[in-house]
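Please keep the sequence and the structure in view while reading.

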Amino acid sequence: MENGNHRFVWKAIKYYRKQGGDIVNTPSFIIGLENKTTKGVIPHPISHFLFKNYHRNSGSINTELTVAQIIVPFLNFILDKVNQGLTEYTEVQGLADLREKHANAYLQYCVDEKSNKNKTLEMKENFLAKFYKYLWDEKVLKHKPKFKLVSVRTGKEVRKVYKIDFTYKKTDETLLRERVKRKDIVPQDHESNENRTFIRLQYIREILYVAKHETPDIAFGLALQIFGGLRKGEVVNMTRTALKSQNGQKYGVEGLVLLVRDRQNELFTRFSDVSTIQVKNPRDQSCLIDPILNYLYKHHVETVLKKIKKPIHPNALFYDTEGSPMSADTYDKRFLKLKNTYLGMLLGTPGRYQDYLDFSQTKWRSHIGRGAFTNMCLDAGFNEKQTAVLRGDRSTQSMESYFDIITATYNIRKALSLLSPDELDNITGLNMPFNHKMWKDVQEFGKGLRQK
């Protein structure tokens, strides 16, 4: 292994390759050795593991990144132990000397020091097993690990994979105090409420109201996540011409279809690391309709975008303070500001302390909008397959799937009665103020557009 002045790192790169008759600038990841003093990075041959196993096969740059983020800490763990001169690592002079016990020691460290949950540990086991199998196939390892061939089912596909029976002591999850990850905006004490559909809308509108005033540059983006199920990378890839209002109405009052496409080469040529701004599944995405979505659409076009004096890309939909198309990292930072502002509002509002605890003691980021969209679809009566299509998840290309797309998109109309603001009177047991004046403005705005 290398000396104490180096550490392993992962690094985003782009390279040119021929695809058909075109030359495309292709994003990828490498593993390198960084000089701790100079910060210079030298590509390491082990990068071939990422290229061979994931770069062309995964279909997602994020898979490469995930693997790199697991393998690099493992290699640094071994490197640290070697540099400390520990007896059990004296035989490790390079990758050839790695054995199963070293992976076991790392996984035990992940339990004892990092408090990894068993789901995370299982993922690390899988990638480490593939890493060891790669090293053995490439004739790098001196000692053959004890592989076992197991069948793994993914959907309808069954494939054979090599695994290793690691012997470390896994996490006792009853001892973990990790915060629960939120998958919906509905507070926990209302999850079983028969009126949770309307309760969810109440909280959605409240958060979007706060966003309009505190982070207006992403308020409409968050609305697209909530009512269209978009991922943050899909939001920042949106352009102004990608919004298609239906039935001749402005601002999506009678329906809004989003042309979700990967526009990295159009909007984000300044970045080499595009893992957070990738569109996994290009599609035409239908939105659930709610007056607050239309209201924020109009506000974004007529107020937010007009404040961008010199946009670097005039067709972008979301911008940073420099006038460049907004990156996913900037979007995250703006959402964090919104989240902290919302928590502060809950904490400072009489009667909302329980809400504050519910939202502050759970983990949630902008992806919660996609979770809210999923639950609205399910509560509106869509089946799981239709909901998956509406979410933009990958599905088979059969006629049955095509039929489901048509049916699910058509049936959005049926869901609108469940999302009607007129049903707000049915909400009971909510201890929260409602901004009637602002909601009246939203309703009047919608009625005005329909009359044109």
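Two strands count as paired if DSSP finds at least two bridges between them, and strands (E, at least two residues) and helices (H or I, at least four) are DSSP runs numbered from the N terminus. The model is predicted, so local features need pLDDT of at least 70 and side-chain atom pairs count only at pLDDT 80 or more, while totals for chains, interfaces and linings use all residues. Residues are numbered from 1 along each chain as its sequence is written, and side-chain values use heavy atoms, with hydrogens and water left out.

**The sheet**
- Three strands make an open, antiparallel sheet in the order β1-β2-β3.
- Because β1 (6–19) and β3 (41–43) stand at the edges with a single partner strand each, one side of each has no neighbour in the sheet.
- Strand β2 (residues 22–35) is joined to β3 by three bridges, and Leu 33 has Ile 42 in β3 as its bridge partner.

**The helices**
- Helix α1 (residues 47–55) lies across β1 and β2 and runs at about 140 degrees to β2, where angles run from 0 to 180 degrees between N-to-C directions of axes fitted to C-alpha atoms, for helices over the stretch in contact (heavy atoms within 4.5 Å).
- Helix α2 (residues 61–83) also lies across β1 and β2, running at about 150 degrees to β1.

**The lining of the largest cavity**
- Both α6 (216–228) and α12 (368–379) supply at least two residues of this lining.
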